[in-house]
Amino acid sequence: MKKINVGILFGGKSTEHEVSLQSAKNIIEAIDKEKYDITLIGIDKSGGWHLKNSSHFLLNSHDPKLIALNKEGSDVVLNPAGAKRNFLCPADDGAGGNIDVIFPILHGPLGEDGTVQGLLKLAGIPFVGADVLGSAIGMDKDVMKRLLREAGLPVADFLVFRKFEQNAIDFEKVTARLGLPVFIKPANAGSSVGVSKARDKKEFAAAIKEAFSFDNKILIEEAVTAREVECAVLGNEQPAASGVGEIITRHDFYSYQAKYIDENGAEVKIPADIPAGIVEEIRRLAIRTFQALCCDGMARVDFFLTAEGKILVNEINTIPGFTNISMYPKLWEAAGVPYSELIHRLIQLALEKHSQEKILSTSYDQLT
């Protein structure tokens, strides 16, 4: 039986470039080579796409502080839908090939926000994870939280400001509503990039400036005193939820440093030590969140759990991390789905979704 050619798309022009490299490394090592051939496409920090040699596509791969994309490799472009070869290498006299399905492991803007998903749809290539709409919603924390609130799902109180309002943000008015401390974060970023905890007016001003350096829209959220727990979702029309894990951070909050740089920055506890009834409610809310935000394939849903047992949805990640410490694969492994099988299921879900879309009518004449 012919093996399926999976394109691993990684790197990206975002602040989470290095996280993506770590995730891609793990997926490439774990994918079942008996079932799948792989084509590696690395996106550099300038946005260029390059075909990579699987034996040496990363530099300093074992050091998260120094990991980098190897600059060697042919430039790659995608061909429109219907072409015999859906990727080409222009510098090599148009040499290229055909990818059956793409696994985008791009974190953050220009990868997780619907932009790449739209490009892949135009090229007619199946891809793992949420479609254009679900990806865009999941990236924009403002839109995401408003949709969750509309769906009756519990979220922390928040305010939204745009860049032109920066000088008019009133510390007293904001804290009168949200209290202190507050969390200030870019609306469109992940992995806690640009996120700060502000305890006073001076920290508030610095945090506003930092968040606006990453996005033109920011959120200011009330600080919830709670445990941080996470649940993984897998599936399309009938998604399933994993068990629940807990992040126990040794930093002031679960920052980028705690997640990816400091190897002792946080402890991942699976399963979380919480009552069975609360676990089931979190699993139920995870699926409701996944569906309310129009997601497919995979997502990790993050929650706050207060001492009183109140559950709040913090956010959804439509391309969760696949690093050595990432919760998404660890939760499914604890649920009896090993890493290699998880990747297989995600690829099959992508192919299944694409097959269903292909049979949809594209012309009114087809209906008459």
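**Entry 1: Y339**

I looked up Y339 to begin with, and at 19% relative accessibility it counts as buried (buried means under 20% relative accessible area, exposed over 50%, partly exposed in between, with a 1.4 Å probe and protein chains only). A note to myself: this is a predicted model, where local features need pLDDT of at least 70 and side-chain atom pairs count only at pLDDT 80 or more, while totals for chains, interfaces and linings use all residues. Residues are numbered from 1 along each chain as its sequence is written, and side-chain values use heavy atoms, with hydrogens and water left out.

**Entry 2: Aromatic pairs**

I searched the whole structure and found five aromatic pairs (rings of Phe, Tyr and Trp, the last by its six-membered ring, pair if their centres lie within 6.5 Å; planes under 30 degrees apart are stacked, over 60 edge-to-face and the rest tilted). F322 and Y328 have ring centres 5.8 Å apart and planes at 55 degrees, so I put this pair down as tilted. Both F322 and Y328 are buried. I then took F322 with Y339: the centres are 6.0 Å apart and the planes stand at 45 degrees, so this pair is tilted. F322 lies in the loop between β18 (311-317) and α9 (327-334) and Y339 in helix α10 (residues 339-358), so the pair ties together parts 17 residues apart in sequence. For the element names, helices (H or I, at least four residues) and strands (E, at least two) are DSSP runs, numbered from the N terminus. I also noted that F103, F322, Y328 and Y339 form one aromatic cluster.

What is the relative accessible area of F322? I read 0%, so F322 is buried. Leaving aside neighbours within four places in sequence, F322 has contacts (heavy atoms within 4.5 Å) that include Q22, N26, F103, M298, Y339 and L346.

Of its 36 residues, I8, F103 and F322 touch the most other members. Among the elements giving two or more residues to this core are β1 (4-11), α1 (17-30) and β9 (101-105). I saw that α10 gives the most, with seven residues. Apart from this core lies another, of 26 residues, among them L148 and F303.

**Entry 3: Two lysines**

The charged end of K353 sits over the ring of F127, 4.7 Å from its centre (NZ of Lys or CZ of Arg within 6 Å of the ring centre and within 35 degrees of the ring normal).

Is K84 buried or exposed? At 82% relative accessibility, I count K84 as exposed. K84 lies in the loop between β6 (77-78) and β7 (87-89).

Note on methods
A nonpolar core is a set of buried Ala, Val, Leu, Ile, Met, Phe, Trp, Tyr and Cys residues joined through side-chain atoms within 4.5 Å.
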